[in-house]
Amino acid sequence: MHIYGDFLNQRNTMGLRDLDLKPVYYSDEDDLLRDFYIPALSNSVKYDRVAGYFSSNTLAIAARGIAQFVKNGGRIRLVASVVMSTQDQKAISHALLEKEEEVLSEIENLEDELKKDHIKMLGWMVRKGLIQIKIAVVQGGMEHQKIGILSDSDGNSVVFSGSDNETVQGWLYNDEQFHMFCSWEDGDIEHLAPDVKRFELLWDDRCKKVKVYHVSDAFK
């Protein structure tokens, strides 16, 4: 039985620069989950994500990557639209309202837990501060950007921007594509930096067209 603190000390020694990354991924040609998402998560300590749709079932399909990400001490910041399943809303709301922690203070196998009950694991990650969620509201429309920013412990970052949402459909089943930019590649910074800036603007609620709420305020 692994205690949570010990679990987090089992850090990954690789980084994003060790991966064989492509400039463009197409779901018709690539396995987005296994070729990119799981390896990138496994070698990161920070994941900033903007998505039109989010579902906790992505925790299950990417369990191996999420488990290693947590071991690395990783933290997720998510900006999503108001479209979210009732089950996920309940898990998040319950986690935010809990005064004392329950379940999973000890973890035998995080990867198995993620696959077994992704809704409960979402609540656990919220309670532990492993994921912070904010909700973007657009008058007369919806937040529809799809940006992902992954960073490792050496300060390297990759940004992917394209069509895929943070859902099982997006990572596994839809016809999707995204372009990927690396902080260590000459010429990529001019593409990477605007998306990083855009995320921070959204996270800090400093955009003109979009109003961003902490998820607890969004529920109210």
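## A nonpolar patch on the surface

Val82, Val137 and Tyr213 come together as a nonpolar surface patch with about 240 Å² of accessible area in total. Patches here are built from residues with over 30% relative accessible area and no salt bridge, nonpolar side chains (Val, Leu, Ile, Met, Phe, Trp, Tyr) being joined within 5 Å and like charges within 9 Å. The areas come from the Shrake-Rupley method with a 1.4 Å probe, and for residues only the protein chains shown count as cover.

This is a predicted model, so local features need pLDDT of at least 70 and side-chain atom pairs count only at pLDDT 80 or more, while totals for chains, interfaces and linings use all residues. Residues are numbered from 1 along each chain as its sequence is written, and side-chain values use heavy atoms, with hydrogens and water left out.

Val82 sits in the loop between E4 and helix H5 (86-97); helices (H or I, at least four residues) and strands (E, at least two) are DSSP runs numbered from the N terminus. Val82 is exposed, at a relative accessible area of 55%. The classes are buried under 20% relative accessible area, exposed over 50% and partly exposed in between, with a 1.4 Å probe and protein chains only. Met84 belongs to the loop between E4 and H5, but Met84 counts as buried at 11% relative accessibility. Its C-alpha atom is 9.7 Å from that of Gly52, a residue 32 places away along the chain.

## The enclosed space

Rolling a probe the size of a water molecule over the atoms shows where empty space is left. How many cavities of 30 Å³ or more are there? The count is 1, and the largest cavity has a volume of about 80 Å³. A cavity is a set of points on a 1 Å grid over the protein atoms alone where a 1.4 Å probe fits but cannot get out, and lining residues have an atom within 4 Å of a point. Points are joined across faces, edges and corners, and the volume is the space filled by probe spheres set on them.

The lining of the largest cavity includes Tyr37, Tyr47, Arg49, Phe54, Ile131 and Glu166. Strand E3 (46-51), helix H3 (57-61) and strand E4 (75-80) are the elements that give two or more residues to this lining. By class, the lining holds 9 nonpolar, 1 polar and 2 charged residues. Here Ala, Val, Leu, Ile, Met, Phe, Trp, Tyr, Cys and Pro count as nonpolar, Asp, Glu, Lys and Arg as charged, and the others, Gly among them, as polar.

## Salt bridges, buried and otherwise

Side chains of opposite charge can pair when their charged atoms come close. The model has 11 salt bridges, each a side-chain nitrogen of Lys or Arg within 4 Å of a carboxyl oxygen of Asp or Glu. Arg49, one of the cavity-lining residues, pairs with Asp164 at 3.7 Å, N to O. Because Arg49 lies in strand E3 and Asp164 in the loop between strand E8 (157-162) and helix H8 (168-173), the pair ties together parts that are 115 residues apart in sequence. Arg49 is buried, with a relative accessible area of 1%, and Asp164 is buried as well, at 0%.

Asp31 and Arg34 also meet in a salt bridge, at 3.5 Å from N to O. Asp31 is partly exposed at 29%, whereas Arg34 is exposed at 51%. Lys211 and Asp205 form another, with their closest N and O atoms 2.8 Å apart; Lys211 is partly exposed at 39% relative accessibility, and Asp205 is partly exposed at 26%. Shared partners link Lys46, Asp48, Arg77 and Glu200 into one salt-bridge network.

Most residues other than glycine have a negative phi, and most peptide bonds are trans. Asp205, although not a glycine, has a positive phi of about 55°. Its place is the loop between helix H9 (189-203) and strand E10 (210-214).

## An enclosed helix and a buried glycine

Why is helix H2 (residues 32-42) described as largely enclosed by the rest of the structure? Because 8 of its 11 residues are buried, among them Phe36, Tyr37, Ile38 and Leu41. Leu33 is in helix H2 too, and counts as buried at 2% relative accessibility.

Gly15 lies in the loop between helix H1 (4-8) and strand E2 (24-26) and is buried, with a relative accessible area of 5%. Gly15 and Pro39 are 24 residues apart in sequence and 9.8 Å apart from C-alpha to C-alpha.

Note on methods: On a 1 Å grid over the protein atoms alone, a cavity is a set of points where a 1.4 Å probe fits but cannot get out, and a pocket is an open set with protein on both sides within 12 Å along at least five of seven lines; lining residues have an atom within 4 Å of a point.
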